[in-house]
Amino acid sequence: MSKKSYRQAINEALRQEMERDDRVILMGEDVAGGTGAGGDQDAWGGPMGVTKGLRPQFGPDRVLDTHLAEMSFVGAAAGAAVTGLRPVVELMFVDFMGVCFDQIFNQVAKFRYMFGGKAVTPLVIRTMYGAGLRAASQHSQCLYPIFTHIPGLKVVLPSNAYEAKGLLIQAIRDDDPVIFFEHKAMYDDEMEVPDEPYAIPFGEANVTREGEDVTIVAFGRMVNLANEAADSLAKRGISCTVVDPRTTSPLDSETILETVEETGRLVVVDEAHPRCGMAADIAGLVAENAFDSLKAPIKLVTSPHAPVPFSPALEDIYIPSVAKIEAAVRATLAHDHKVAAE
Amino acid sequence: MASGLQLSREELGAAYRRMRTIRAFEDAVHAEFSAGTIPGFVHLYAGEEASGVGVCMHLDGRDAIASTHRGHGHCIAKGVEVGPMMHEIFGRKDGLCGGKGGSMHIADLSQGMLGANGIVGAGAPLICGAALTAKTLKTGGVAICFYGDGASNQGAVLESYNLAKIWNLPVIFVAEDNGYAEATASSWSVGGSQVGRGEGFGIPSRQVDGSDFFDVYEAAGEAIDRARAGKGPSLLHVKLNRYYGHFEGDAMTYRLPDEVESARKRDPIDLFRQRVVEASLITAAELDATDREVVAEIGDCMNAAKAAPMPTEADLMTDVYLTY
């Protein structure tokens, strides 16, 4: 056990899995950085330095810089996965899925079913998502709901360094295509992380706070904001359960429903847009399956239905905040059925 | 080269001023970014000025350009005002895009500048559309696609070559090859040659020295004349040098230690000065005066941008047709 950043935890997971299995290869734009140039051939280690050091250790045949054209190399990773390798391909920003989405949703996502169960496609697509770095409209989106919508893909949202390491190891060992979402504002966040390899199974939510009054379901980086809100509310006598589903596909609906049945109130926190996002999805799940336990309408805390703005003044109010989560929790508690009925 | 020197004194002065403005703008943004006052992702055009200006000196209000993530220079070359640009880069309410776009999405549709772009290669299909508009409405306009060596490998760009050819569109593809797709060398990442690729699609293509304004100007003039005459697309492979990193903050350890320094020995602005002064077209003193004016102008707009108000919550949900 030692203190590691989100970045280091991901790097360690990659390194340990590449040491364990020669079929695991890494590819992407500047995952080493400097190929063909006169200087350092591991100059970047990816744009955020996440894959730094892997090229020197594993060599250019297992850590491949690509050209800057996502459709071909993401598709090639899919083709390699279905023929015997276990590629981890970096789609630098998830926003770039627009360039290569056919290879993901028409090709790799369909193989297992469409080929009658005969295809095994152990592909991991690592990608950055989320707002907060003033990266503006085309480098800040939370597109995981789109991937969650597609059968045949597994979708992972690690909320901290511990989760990132365990979930990435699971992703690499998994025999299906996995989209692994790294929040770009979390790379420097540190915590204690085991040094040895470990896998966190998919579809098993993590309950990070246990309470009696309100259930908060949050995704990715939002789990940390939900924890903060819960801790702050606890000081004021409001106790919250916080659920980190870890994966949106598969989704641990059981844990979500159980905790809502206990508390009777639900707030969902999702950095994605409000319509057809995870917040709406969880609200639908609970409305359908735990309607009788609800004591108040479900509250959703999301980003608005607008692209991510560049200006810091706008981006800061765009992203869900601890204050907005607390306000939503209070709103569910303030609701009175009798008053509402009148 | 000969045709470039046939430019009038006024035109040469204007070309110099635009290149100088780009350099001063980018140097100022570089310094401010290093000081931590500019948010977000910023990619600078310093060293590449002769390409944008050499092409855009041929353009007017009928014409459109599509840019890249490295878009400030293309904006200035096309005639976009530097004040609102600087405000945008600082995320201010009165920036070109109301602070919503920033450096990477800076645009001025009123000037035919269809935007810097965060998606590599994405401008190429759009510029085919702009060319289709010009062709359909018979405006006589042309459409310029600026894109990098990295983007030249994108399917969207290669498809656009074909579309521009088969629809005989007035497009000029300007492949700005600064040697690096981010940190990866174009000598490694580009199979074949840019000129060979263009020719493979039946598009007249030629390589141009991006340090030499007059070489760019002459080649662009020929291509633009061809497009305005209804003779379809052309491709220019402009070899140039990027003085700063891929993005601000890039330590550039993939480059040789003396690489930028040696590139600066063939600086496009210095070469332009030498040429026009030696030909006695403009005096060095006149050019020096331009330098002083430009630096003062950029300094003023930098100060104004820093003092300008930020957008507020009331601005967050404007420019949408739905709010949830």
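Helix H4 of chain A buries A:Met97, A:Val99, A:Cys100, A:Gln103, A:Ile104, A:Gln107 and A:Val108. These residues sit on the same side of H4(A), because they cover an arc of only 140° around the axis. This is a predicted model: local features need pLDDT of at least 70, side-chain atom pairs count only at pLDDT 80 or more, and totals for chains, interfaces and linings use all residues. Residues are numbered from 1 along each chain as its sequence is written, and chains are lettered from A and ligands numbered from 1 in the order in which they are written.

**Helix H4**
- A:Asp102 and A:Asn106 are exposed on the other side of H4(A).
- Buried means 20 or more other C-beta atoms within 10 Å of the residue's own, exposed means 12 or fewer, and C-beta atoms are placed from the backbone.
- The cover over the buried residues of H4(A) includes helix H3 (70–81), strand E4 (86–93) and helix H5 (111–114) of chain A.
- H4 (residues 97–108) spans only 14 Å between its end C-alpha atoms, whereas a straight helix of 12 residues would span 16 Å at 1.5 Å a residue.

**Chain A overall**
- Chain A has 13 helices and 14 strands.
- Its radius of gyration is 20 Å, close to the 20 Å that the globule rule gives for 342 residues, so chain A is as compact as a globular protein of that length.
- That radius is taken over C-alpha atoms, and the rule is 2.2 Å times the number of residues to the power 0.38.
- Of the 342 residues of chain A, 59% count as buried.

Key. Helix = DSSP H or I, 4+ residues; strand = E, 2+ residues; numbered from the N terminus. Expected span 1.5 Å × (residues − 1). Arc of directions from axis to C-beta. Contact = placed C-beta atoms within 7 Å.
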